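What follows is a guided walk through a structure that may be new to you. Please look over the sequence and the model before reading on.

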Amino acid sequence: MPETGFTYLPVSRVQFSDESLGWREAVRLAGQPLVDEGLVTPSYVEAAIAIAEEKGPFYDLGKGIAMPHARPEAGASAIGLSVLRCRQPVNLLDRDDHPIDIFIMLAATDSSTHLEMLQRLAVVLIDDEKVDRLKSATAPEDVVAVFSEIQ
Amino acid sequence: MKIMAICGVGLGSSFLVQMNIEKILKELGVSGIEVEHADVASAMPGAADVFYVSKDIAEGLSIDAPMVVLNSIIDMDELRGKVEKTLEDFGLK
């Protein structure tokens with residue numbers, strides 16, 4: 001299958017951590033590449049933390065995967081993703097019923113133009129075999145490949 | 001009939017749920033059902049016939065309308081079962 005590429009998640013935005021991270025630390029670390037590349041402001045990342053504190057761990061998608069995000073007005077200027085793979089699970093909101101080992105930070109500029117990106121994400125996340133591959137990945141290229149090879 | 005997926009922000013988790021519901025409806029060969037996504041503030045009677053909500057949002061939400069609570073947003077088996085139940089409840093299956 002030819003690689004179609006996945007421009008929303010370049011290799012430069014995939015990180016791995018062996019550290020024991022607090023959940024806020026993990027969200028900040030996950031979002032850092034988006035901040036560095038100017039897709040979001042640091043306040044967007046803080047808003048993603050604040051909204052979980054306010055509304056609960058709704059961006060825990062299941063399967064140990066969380067997708068932190070905030071409203072675009074909090075400081076997102078482009079559509080994109082970043083990934084943090086935590087080798088030591090992080091309890092979202094310090095709740096042990098919400099252990100997370102993959103954070104996928106989402107930047108979106110309104111409520112619907114990121115449809116294509118989320119469709120690709122949905123195809124990967126509902127497929128347990130692909131999720132296993134994401135979790136066993138040891139290099140950023142392997143993570144990006146899981147998203148890229150889908151037609 | 002209209003289904004609305006709800007999350008805290010109204011553009012990430014809820015959008016995923018919307019897409020997965022649409023996928024299931026297509027698999028089931030059901031048409032004519034509108035699926036949307038929105039934030040918690042939009043979850044009010046009249047906005048939709050049934051609301052799909054993640055477990056943690058549901059804890060703090062009381063709406064006088066049918067609400068389906070999801071344990072996982074990306075578990076298609078769970079979602080498929082609940083969509084089928086919704087269709088039965090509305091006499092569409």
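Two residues are said to be in contact if their C-beta atoms, placed from the backbone, lie within 7 Å. By that criterion, in this predicted model, 22 residues of chain B are in contact with 21 residues of chain A. On the side of chain B that touches chain A, helix H1 and helix H2 (55-58) of chain B each supply at least two residues, and the largest share, five residues, comes from H1(B). Sorted by class, that side of chain B has 11 nonpolar residues, along with eight polar and three charged ones.

From the interface we can turn to the sheet of chain B. Strands of a sheet pair through backbone hydrogen bonds, and they may do so in a parallel or an antiparallel manner. In chain B, four strands form an open sheet in the order E2-E1-E3-E4, with parallel pairing. Its edge strands, each of which pairs on one side only, are strand E2 (34-39) and strand E4 (67-70) of chain B, and from one strand to the next the twist averages 25 degrees.

Within this sheet, strand E1 (residues 2-7) of chain B runs parallel to strand E3 (residues 50-54) of chain B, and four bridges join the two.

Which strands does helix H1 of chain B lie across? Helix H1 (residues 13-28) of chain B lies across E1, E2, E3 and E4 of chain B, and runs at about 170 degrees to E2(B).

How values were computed: Residues numbered from 1 in each chain as written. Chains lettered and ligands numbered in written order. Predicted model: local features only at pLDDT ≥ 70, side-chain atom pairs only at ≥ 80, totals over all residues. Pairing = 2+ DSSP bridges. Axes fitted to C-alpha atoms, helices over the stretch in contact; angles between N-to-C directions. Nonpolar A, V, L, I, M, F, W, Y, C, P; charged D, E, K, R; others polar.
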